[in-house]
Amino acid sequence: MVTSRLLSSLLALPALAFLSLSASALPRPRTASSTSTLKLAVRTNAYGIKNIAAADRARTQNLQAGSSSSIDLTNTGVTYTASIGVGDPPTYYTFLLDTGSSNTWIGTNKAYEKTYTSFDMGDTFNVAYGDEKNPKHASGEEYRDMVTLNSNLVINNQSIGVASSDPGLGDVDGLLGLGPVDLTRGTVSNEDEVETVMNSLYAQGDIDSEVLGLFFAPVSSGDSGGELTFGGVDSSKFTGQMGYVPITSTSPASQYWGIDQSINYGDTEIMTSTAGIVDTGTTLILIATDAFNTYQTLTGGVPDESTGLLKISSDQYDNLSSLYFITGGGTYELTPNAQIWPRSLNTAINGAADGIYLIVADNGSPSGSGLDFVNGYCFLERFYSVYDTTNSLVGLATTEYTDATTN
């Protein structure tokens, strides 16, 4: 997702962004190496996928234009959510996670329950989603309230929107924005920007640094556990060393969690070093049209109308080479099995039960757009990722699932 400025993709916070936080957060002494985790729940789409590739492509094109885009649950095969409390006593809501947007809001499914901690700021919020053909908005009143992430992470006075319009999140109650604070600019009346959840945790002294660690597991692995770590990383969730990549200087990718990377298919370079983003709100791996055309030729994939994905035969699958994502001096291998949609979920995307579908898709524009790739969920379920606002870095590391063959 991405906010009106982008509610579903990622940015790198300016180094001093936290200095502009609202003074409402209550400061506490910092403790050494303070981190805390939030467990995630995985769900597969029950609404009937229309076309994952088309939805991801529309979103990417909106990001390239600097406009907004959202996670459309009717076009997403797998999503991770978190149960988060609002108010005191807390009412728990199901939040969708989005590293590509920064506003946090509720109200699309379960009604907002006011308690003594609720304070109506007298402001309105408006976050645009969708695309030009299908515009959607989350809009309503902006409140401040207590937000309980877990027993160790309670934000006393978080800015949170209460939506009176429904942008189409299905049975999810709201969205937890995990992107940079700049993405909130212009989304709340009478405010230049509003503090993010990460900003607030840092200002309160709950975390030592604005660092978010993110772990997904492939749904096909049978491991339903996902995890957010606030203030650092969970070293038990990754293997080997963490590699860090500076935020790209190329716009518009620089507005998000953007990095520079090249991609090889086996020994063949299919995309020279260019800028793109890492994004939890995108399902697939999207690459520039010229790179995609080369990938299609090398794999022999044939466009499948029902899914929007490339389809290959069993023989072609047996001959697939690995994709190598080269960034920040490190190389991250996406194995042949990691390049295919989980076959157990084929029918969820209108695919044939015994079909083999590739998760690399065309972003709809040639190289040179300033946002030439999106490493979405299908990439992130194979690698641990870190979003470091303090140092303007993205981190990547292998996990026990990097080489899994469960798809």
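Biologist: Which turn residue has a positive phi in the hairpin of β12 and β13?

Modeller: Gly 266, with phi at about 60°. β12 and β13 form this hairpin with 2 residues between them. The model is predicted: local features need pLDDT of at least 70, side-chain atom pairs count only at pLDDT 80 or more, and totals for chains, interfaces and linings use all residues. Residues are numbered from 1 along each chain as its sequence is written, and side-chain values use heavy atoms, with hydrogens and water left out.

Biologist: What makes β12 and β13 a pair?

Modeller: Two strands pair if DSSP finds at least two bridges between them. β12 (residues 258–265) and β13 (residues 268–278) have 7 bridges, in the antiparallel sense. Therefore they count as paired. One of the bridges links Asn 264 to Glu 269. The strands themselves are DSSP runs (E, at least two residues), and helices are runs of H or I (at least four), both numbered from the N terminus.

Biologist: How many bridges join β12 to β17?

Modeller: 4 bridges, again antiparallel. β17 spans residues 323–327. Ser 262 has Ile 326 as its bridge partner in β17.

Biologist: Why is β12 called mostly covered?

Modeller: 7 of its 8 residues are buried. Buried means under 20% relative accessible area, exposed means over 50%, and partly exposed lies in between (1.4 Å probe, protein chains only).

Biologist: Why is Thr 335 called buried?

Modeller: Its relative accessible area is 10%. That is under the cut-off, so Thr 335 counts as buried. Thr 335 sits in the loop between β18 (330–334) and β19 (356–357).

Biologist: Which residues does Thr 335 touch?

Modeller: Ser 322, Arg 382, Thr 402, Asp 403 and Ala 404. Contact means heavy atoms within 4.5 Å. Residues up to four places away in sequence are not counted.

Biologist: Which class does Ser 392 fall in, buried, partly exposed or exposed?

Modeller: Partly exposed, with a relative accessible area of 22%. Ser 392 lies in the loop between β22 (383–388) and β23 (393–398). Ser 392 is not a glycine, yet phi is positive at about 55°.

Biologist: How do you know that the buried residues of α3 line one face?

Modeller: In α3 (residues 289–299), Ala 291, Phe 292, Tyr 295 and Thr 299 are buried. Seen down the axis, they fall within an arc of 100°, so they line one face of the helix. The arc is that of the directions from the helix axis to the C-beta atoms. After α3 comes Gly 300, with a positive phi near 80°.

Biologist: Why are β15 and β19 said to stand at the edges?

Modeller: The open sheet has 3 strands in the order β15-β16-β19, with antiparallel pairing. β15 (302–303) and β19 each have a single partner strand, so one side of each is left without a neighbour in the sheet. β16 (residues 310–312) and β19 are joined by 2 bridges. Lys 311 has Tyr 357 as its bridge partner in β19.

Biologist: What is omega for the cis bond between Ser 251 and Pro 252?

Modeller: About 5°. Pro 252 lies in the loop between β11 (239–246) and β12. The bond from Asp 88 to Pro 89 is also cis, with omega near 0°.
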